[in-house]
Amino acid sequence: MVANRLRRHFDADEAEIHVVDRDDRHVYQPGLLFVPFGLAHVEEIVRPRRRQLRSGIDFHENEVEEVWIERDEVLLDDRTVLPYDVLVVATGARLQPDETEGLSGPGWNERVFTFYTPESAEALRTSLERFDGGRVVVNLVDMPIKCPVAPLEFAFLADWYFRERGIRDRVELVYATPLDGAFTKPVASQRLAGLLTEKEIELVTEFNAGEVDGVGGTLTSYDGQKLDFDLLVTVPLHGGAAYVDRSPGLGDALGFVPTDKHTLQTPAKPNVFALGDATDLPTSKAGSVTHFEATVLTENVARCLAGTELDAGYDGHANCFIETGFHKALLIDFNYDTEPLPGRFPTAAGPLTLLHESRVNHLGKLMFQPVYWHALLPGREIPGLGPAMPTAGKNFALRT
Ligand SMILES: Cc1cc2nc3c(=O)[nH]c(=O)nc-3n(C[C@H](O)[C@H](O)[C@H](O)COP(=O)(O)OP(=O)(O)OC[C@H]3O[C@@H](n4cnc5c(N)ncnc54)[C@H](O)[C@@H]3O)c2cc1C
């Protein structure tokens with residue numbers, strides 16, 4: 001998205017643009033949620049990366065080995081050295097199942113799954129098809145994770161899936177989270193906890209997963225609480241890309257990149273910027289965030305090259321549809337200062353309902369995939385969906 005926006009911004013003789021990625025498979029990650037329930041197939045949500053890039057962008061299918069900030073150079077796995085005037089770090093978050101004892105050991109992809117990778121989402125689909133009753137535990141190991149609402153959506157869709165199959169009375173559904181509620185922000189947390197209760201999904205809070213016995217079927221927390229399961233659906237610990245650790249001065253202890261909240265410049269060096277899941281910003285790790293950031297970031301790359309003052313315009317804006325099953329969804333919209341509140345979106349008379357289930361929201365979630373491929377990735381503007389959080393439709397009286 002940033003490369004395409006930059007290519008639109010600069011003529012061919014004004015800037016060279018290089019994109020490095022380790023593979024040529026771009027996954028539409030929100031689609032992974034639907035794979036375990038047979039509502040999407042992996043082939044439908046993966047496209048070649050090269051085809052998403054405008055002409056005049058050089059694509060390197062390589063692993064980044066290291067960034068040498070002092071020398072303004074990136075080292076690739078084939079020993080190519082790419083010099084740069086401006087670097088944009090956008091290498092996302094890495095799943096680290098090995099950091100939780102036993103999680104990726106015996107039972108992995110047999111009784112213990114994550115829908116956060118295409119392979120495991122696919123294996124989970126096969127397992128769910130055979131599942132005839134028992135105890136299903138959905139657990140996120142620790143924050144931050146990509147799309148913090150995705151495990152909740154999984155639990156809601158699992159409830160719907162088992163009801164459709166007529167076996168819901170034989171399935172116990174448990175949602176175990178390290179948070180002190182269903183979600184991070186108070187108003188949304190209360191609404192989402194209400195939905196879990198309505199759907200007869202048990203909520204276990206302050207559960208810090210420490211160890212998994214994937215054969216015996218037990219998830220144990222650091223303080224000794226045990227949750228038995230027949231099927232465990234986990235969202236493993238997340239960290240930044242491994243090369244960030246190997247690049248002196250770039251990352252924090254988790255491998256995320258310290259980033260200015262408003263300009264997206266990093267303190268590592270003025271010509272290094274970061275966006276998306278790779279940053280340490282106190283907003284969600286979400287595609288919507290990456291999209292809103294990209295607008296400000298593209299402008300700031302141009303300003304950095306021109307030597308002018310940066311735009312401090314990113315306000316932490318994030319939004320996310322939350323699938324709740326039965327062809328319905330909620331929508332949340334928030335930023336650094338405003339928690340998700342009820343109301344309407346994008347204006348007071350807007351068609352989408354905030355923190356309230358509707359079919360229109362569900363259609364919005366489905367519509368998002370074509371918008372992603374045909375408008376977001378190519379770097380086109382979407383009318384009415386700018387980087388700043390809209391305030392008009394929100395019920396601020398309910399703010400905590
Ligand atoms: C199950 C699921 C559901 C989601 N649902 C939603 C949703 O409904 N709405 C929403 O807004 N967001 C959602 N998200 C989150 C969203 O997909 C991410 O926030 C978004 O993709 C982040 O974009 P990014 O460019 O920062 O990182 P990514 O899209 O993850 O891209 C990072 C890239 O860096 C590459 N890379 C990493 N390390 C290296 C290296 N060393 N060398 C070369 N290349 C490297 C990777 O191959 C990858 O292509 C969901 C995510 C998941 C997993």
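Me: In which helix is Ala155 found?

Reply: Ala155 is found in helix α4. Helices (H or I, at least four residues) and strands (E, at least two) are DSSP runs, numbered from the N terminus. This is a predicted model: local features need pLDDT of at least 70, side-chain atom pairs count only at pLDDT 80 or more, and totals for chains, interfaces and linings use all residues. Residues are numbered from 1 along each chain as its sequence is written, and side-chain values use heavy atoms, leaving out hydrogens and water.

Me: Why is Ala155 called buried?

Reply: Buried means under 20% relative accessible area, exposed over 50%, and partly exposed in between (1.4 Å probe, protein chains only). Ala155 has a relative accessible area of 0%. That value is under 20%, so Ala155 is buried.

Me: Which residues is Ala155 in contact with, leaving aside its neighbours within four places in sequence?

Reply: They are Val138, Leu173, Tyr175 and Ile201. Contact means heavy atoms within 4.5 Å.

Me: Why is Gly107 called buried?

Reply: Gly107 has a relative accessible area of 8%. The limit is 20%, and the value is under it, so Gly107 is buried. Gly107 lies in the loop between β9 (93-95) and β10 (112-113). Beyond its neighbours within four places in sequence, Gly107 is in contact with Val112 and Gly214. The C-alpha atoms of Gly107 and Val215 are 5.4 Å apart, although 108 residues separate them along the chain.

Me: How do you know that Thr100 counts as buried?

Reply: Thr100 has 5% relative accessibility. This is under 20%, so Thr100 is buried. Thr100 also lies in the loop between β9 and β10. Its contacts, neighbours within four places left aside, are Val141, Ala209, Gly210, Glu211 and Val212.

Me: Why is Glu206 called partly exposed?

Reply: Glu206 has 47% relative accessibility. That falls between 20% and 50%, so Glu206 is partly exposed. Glu206 lies in the loop between β13 (201-204) and β14 (209-213). Glu206 has a positive phi of about 50° although it is not a glycine.

Me: In which loop is Asp72 found?

Reply: Asp72 is in the loop between β5 (64-68) and β6 (73-76). Asp72 is not a glycine either, yet its phi is positive, about 55°.

Me: What is the omega of the peptide bond from Met143 to Pro144?

Reply: Omega is near 0°, and the bond is cis. Pro144 lies in the loop between β11 (134-140) and α4. The bond from Phe345 to Pro346 is cis as well, with omega near -5°. Pro346 lies in the loop between β22 (343-345) and β23 (352-354).

Me: What makes helix α1 mostly covered?

Reply: Six of the eight residues of α1 (residues 2-9) are buried. They are Val2, Ala3, Asn4, Arg5, Leu6 and Arg7. Their cover includes β1 (17-21), β4 (57-61) and α7.

Me: What makes a set of residues a nonpolar core?

Reply: The set holds buried Ala, Val, Leu, Ile, Met, Phe, Trp, Tyr and Cys residues, joined through side-chain atoms within 4.5 Å. The largest core here has 88 residues, and Phe115, Phe154, Phe162 and Leu192 have the most contacts inside it. Helix α4 (residues 150-164) gives the largest share of this core, ten residues. A second, separate core of 17 residues includes Val67, Val89, Val244 and Val257. In soluble globular proteins, nonpolar side chains tend to be buried together.
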